[in-house]
Amino acid sequence: MCTLKVTGIGKYFSTTILFKDISFELNSGDVVAITGWNGSGKSTMLRIISGLVRPSAGQVEMFCDNKPIPKKSRRRYVGMVAPALSLYDELTALENMEFFCRVRGIAYDRKSCFNILERVDLVKHAEKICGTFSSGMKQRLKLVQALIHNPPFLLLDEPGCNLDSRGIKSVKNIISDQRSWGITVIASNEKREVDYADSIVNLSE
Amino acid sequence: MHPTKSGRWITQTVSSTYLSEAVAIWFRDLRSEFRTRYAVNSILMFALTTLVAVSFSIGSFRIEESERPFLYAVLLWIILVFSALSGLSRSFVKEQEAGTMDILKLSARPQAVFLGKLFFNLTMLGALGLIIVPAFILLMGYKIKFPGCFAAMMVTGGLGLGAGTTLVAAMIAQADARGALFSALSFPLLLPLIITAIKGSERAAYGISAAGWPEVKIAAAYAVIMITVSLLLFPLIWEE
């Protein structure tokens with residue numbers, strides 16, 4: 001059982017207030033959508049939850065089995081997909097997977113990686129350099145990278161971006177699977193993606 | 001690691017240490033470098049150009065025999081330092097420019113990232129030294145009376161140079177005027193090391209009885225201090 005507690009979060013740039021006093025609490029099985037106008041801070045909110053950006057006010061707490069997760073260990077519990085997160089273009093899809101397995105302390109097995117790539121329709125391109133991939137293929141590989149360590153907290157910033165109908169179905173399956181045991185936070189204004197959520201946090205209100 | 005029918009991956013977690021994470025980053029950087037050859041080309045072209053220019057214009061016969069150990073030590077370290085600065089400054093900048101900085105922050109611990117980048121920079125410096133130092137000795141007719149001491153000076157000087165440039169490279173990665181900032185920050189940080197390394201190399205070449213070793217010890221201490229301080233400071237630089 002995991003819990004994500006966001007309390008009084010605010011982000012200010014100089015004199016500009018991006019958002020302020022945002023609070024919500026999620027437990028395993030919950031899916032929340034963060035919506036808002038362009039520039040309202042949806043992506044920044046996800047970056048704050050992941051620990052990539054410090055909030056100007058408030059705090060983000062994560063718990064698993066009622067034990068708090070220290071900020072420095074958060075990376076092991078969080079999987080994130082975002083347009084701003086890039087993979088290594090000079091490596092192949094398989095080499096990218098190998099790197100993320102090794103750096104995250106996951107046993108690397110070539111055959112298993114092929115199985116995973118098959119699920120996102122990338123098996124034919126496993127040994128191709130990522131720099132030659134289309135944006136949709138890169139997005140699929142980003143999804144694999146985010147899920148490779150089975151994170152209980154899944155942060156998806158516009159997850160369906162650049163994906164075709166099969167890719168969108170994969171995203172739907174990933175979210176419904178995550179619902180069975182973890183927490184999902186989706187930042188999007190896409191109606192289809194917002195519909196996956198049980199609750200909405202609108203940053204423009 | 002395999003997916004279940006419901007779609008979730010089942011991954012077998014093995015122990016992850018700072019060293020294993022650092023080695024993963026080191027190998028990934030080497031693989032990327034092998035494909036792009038950005039740092040290698042930059043470092044080697046600078047080193048070879050300056051080495052050839054120096055050897056053609058000065059050669060082994062234009063300098064008095066007694067002055068050679070000192071002047072050659074100066075020239076050798078100038079070539080090594082500026083060649084290293086031309087390529088190693090990009091170790092973090094390339095992550096920033098490729099947009100992979102955040103994914104690295106989410107995947108590895110800061111200290112492991114620093115160590116991985118340090119290993120990569122030391123590999124580049126090692127390769128540079130293995131090519132340039134023998135070539136310099138051959139082309140310039142550099143006679144070294146204490147080769148062991150000279151080699152130790154090269155190794156400890158290289159370690160300090162690698163540690164210093166890696167830390168500065170991390171500091172400038174998110175700045176706008178990276179090139180100017182790298183030079184401005186590297187100069188005061190590396191100056192004590194360069195002076196020590198020149199002095200040590202000169203003494204090893206002159207063959208002053210065991211006199212090169214104090215500089216070797218100073219350079220080794222510099223490298224240890226720099227690596228320790230970097231490991232303590234790097235998380236503050238790495239995280240916003």
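Start with the crossing of α2(B) and α6(B): the crossing is right-handed, meaning that the near helix is turned clockwise from the far one by less than a right angle. This is a predicted model, where local features need pLDDT of at least 70, side-chain atom pairs count only at pLDDT 80 or more, and totals for chains, interfaces and linings use all residues. Residues are numbered from 1 along each chain as its sequence is written, chains are lettered from A, and ligands are numbered from 1 in the order in which they are written.

Back to the helix pair. α2 of chain B covers residues 38-57, and α6 of chain B covers residues 110-140. Helices are DSSP runs of H or I with at least four residues, strands are runs of E with at least two, and numbering goes from the N terminus. The two helices pack at an angle of about 15 degrees, with axes 11 Å apart. Axes are lines fitted to C-alpha atoms, for helices over the stretch in contact, and angles run from 0 to 180 degrees between N-to-C directions. So α2(B) is roughly parallel to α6(B); the label applies to angles under 35 degrees. On α2(B), the contact residues include B:Ile43, B:Ala47 and B:Leu51. On α6(B), they include B:Leu128, B:Ile132 and B:Phe136. Contact means C-beta atoms, placed from the backbone, within 7 Å.

Now chain A. Which order do the strands of its five-stranded open sheet take? The order is β6-β7-β8-β3-β9, with parallel pairing. Two strands pair if DSSP finds at least two bridges between them. β6 (78-81) and β9 (199-202) of chain A stand at the edges with a single partner strand each, so one side of each has no neighbour in the sheet. The twist averages 15 degrees from one strand to the next.

Walk across it. β6(A) and β7(A), residues 153-157, share four bridges. There, A:Met80 stands opposite A:Leu155. Helix α4(A), residues 135-147, lies across β6 and β7 of chain A, at about 170 degrees to β6(A). Helix α5(A), residues 165-179, also packs on the sheet and touches β3, β7 and β8 of chain A. Its direction makes about 140 degrees with that of β8(A).

Next, β8(A). Five bridges join β7(A) to β8(A), and A:Leu154 has A:Thr184 as its bridge partner. On the other pairing, β3(A) and β8(A) have four bridges, with A:Ile34 opposite A:Ala187. Is β8(A) buried or exposed? Five of its five residues are buried, so β8(A) is largely enclosed by the rest of the structure. Buried means 20 or more other C-beta atoms within 10 Å of a residue's own, with C-beta atoms placed from the backbone. A:Ile183, A:Val185 and A:Ala187 are on one side, and A:Thr184 and A:Ile186 on the other.

Four strands form an open sheet, β2-β1-β4-β5, and the pairing is antiparallel. β2 (16-27) and β5 (67-68) of chain A are the edge strands. Seven bridges join β1(A), residues 2-13, to β4(A), residues 57-64. One facing pair is A:Thr3 and A:Phe63. Helix α1(A), residues 42-50, packs on this sheet, touching β1, β2 and β4 of chain A.

Last, the interface. How many residues of chain B are in contact with chain A? The count is 32 residues of chain B, against 38 residues of chain A. β1 (2-3), α1 (18-36) and α5 (101-107) of chain B each give two or more residues to that side. α1(B) gives the most, with nine residues.

Note on methods: Two residues are in contact if their C-beta atoms, placed from the backbone, lie within 7 Å. A residue is buried if 20 or more other C-beta atoms lie within 10 Å of its own, exposed if 12 or fewer, and partly exposed in between; C-beta atoms are placed from the backbone. Angles under 35 degrees count as roughly parallel, over 145 as roughly antiparallel, 65 to 115 as roughly perpendicular and the rest as oblique.
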